[in-house]
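Please look over the sequence and the structure first, and then follow the sections below.

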Amino acid sequence: MKRVLLLGTLLFTMHNIYAQSPKKNVESNYEKSSSELLNRSEYYELTADQRNRIIERKRSIGREFAAIGRDHSLTGREKGQKKRQLSMSFRNDIYAILNESQKIKWNKESYNKYQVSTAKAEIEYKLELLEIEYEKDIKNIETKYRNNDSKRKLEKNNRKAEYKLQKSELKRLKDNLS
């Protein structure tokens with residue numbers, strides 16, 4: 001019962017941590033996304049005028065981000081809110097520059113990257129849980145078989161082999177996402 005409660009609490013805590021983490025990097029995600037858009041301009045079929053307009057808007061957004069960061073009258077929360085609003089404004093400005101087929105391609109790429117990063121975070125979480133469960137199982141084995149060295153060693157080796165197999169499978173899945 002204690003194990004279930006501990007695991008439930010851990011799951012709840014980790015879920016909250018992962019649920020909050022994307023909010024911290026909203027502006028950097030858009031920055032990366034616009035850089036990727038410019039770097040792959042042939043794929044997106046950007047015209048020279050579109051590239052120049054995006055570059056100019058990106059520069060002005062950078063200055064605005066820096067100004068928000070230097071504004072000491074704002075709290076950290078207010079700065080974050082302003083930066084998120086600015087990021088959304090930046091994305092809308094880029095949308096206004098792109099044509100319909102370019103928007104579809106850009107959205108599809110952004111969604112795929114989000115899906116991959118979410119899947120990787122989930123695998124990392126599972127790896128952490130696996131590690132915790134393994135350590136707990138090893139302690140239980142040591143307690144259960146404290147008077148029988150050969151049985152304890154056998155059980156620990158079996159659990160270690162199972163752990164390594166599960167861990168390698170999760171790492172393989174994570175590597176395949178790259």
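## Terms and overall make-up

A residue is called buried when its relative accessible area is under 20%, exposed when that area is over 50%, and partly exposed in between. The model described here is a predicted one, and the protein chain in it contains 7 helices and 0 strands, so that from the N terminus on the elements run α-α-α-α-α-α-α.

Of the 178 residues of the protein chain, 26% count as buried, and the chain exposes about 12,400 Å², of which carbon and sulfur atoms supply 54%. Among contacts between residues at least 6 apart in sequence, 64% join residues at least 24 apart.

## Confidence along the chain

The average pLDDT of the protein chain is 83, and 81% of the residues score at least 70. Confidence is lowest in helix H1 (residues 2-24), where the mean is 52, and highest in helix H7 (residues 149-177), where the mean is 93.

Over residues 18-30 the pLDDT stays under 50, and for this stretch the model has 15 contacts beyond four places in sequence.

Leaving aside residues up to four places away in sequence, Ile54 touches Leu37, Leu38, Leu46, Ile94, Ile97 and Leu98.

## Aromatic pairs

In one of them, the rings of Tyr95 and Trp106 have their centres 5.9 Å apart and their planes at 50°, so the pair is tilted. This pair links distant parts of the chain, with Tyr95 in helix H5 and Trp106 in helix H6 (residues 100-144), 11 residues apart. Tyr95 counts as partly exposed because its relative accessibility is 22%, whereas Trp106, at 1% relative accessibility, counts as buried.

Tyr134 and Tyr163 form an aromatic pair that is stacked, at 4.2 Å centre to centre and with 20° between the planes. Tyr134 lies in helix H6 and Tyr163 in helix H7, so this pair ties together parts that are 29 residues apart in sequence. Tyr134 is buried, with a relative accessible area of 15%, and Tyr163 is buried as well, with a relative accessible area of 8%.

## Charges over rings

Trp106, already described as a buried member of the tilted pair, also has the charged end of Arg91 sitting over its ring, 4.3 Å from the ring centre. In another such arrangement, the charged end of Arg40 sits over the ring of Tyr43, 4.3 Å from its centre.

## A positive phi in a loop

Most residues other than glycine have a negative phi. Glu45, however, has a phi near 55°, which is a positive value in a residue other than glycine. The place of Glu45 is in the loop between helix H3 (41-44) and H4, and Glu45 counts as exposed because its relative accessible area is 53%.

Key. Residues are numbered from 1 along each chain as its sequence is written. This is a predicted model: local features need pLDDT of at least 70, side-chain atom pairs count only at pLDDT 80 or more; totals for chains, interfaces and linings use all residues. Side-chain values use heavy atoms; hydrogens and water are left out. Helices (H or I, at least four residues) and strands (E, at least two) are DSSP runs, numbered from the N terminus. Buried means under 20% relative accessible area, exposed over 50%, partly exposed in between (1.4 Å probe, protein chains only). Contact means heavy atoms within 4.5 Å. Accessible areas come from the Shrake-Rupley method with a 1.4 Å probe; for residues, only the protein chains shown count as cover. pLDDT is the predictor's confidence in each residue, from 0 to 100. Rings of Phe, Tyr and Trp (its six-membered ring) pair if their centres lie within 6.5 Å; planes under 30 degrees apart count as stacked, over 60 as edge-to-face and the rest as tilted. A charge sits over a ring if NZ of Lys or CZ of Arg is within 6 Å of the ring centre and within 35 degrees of the ring normal.
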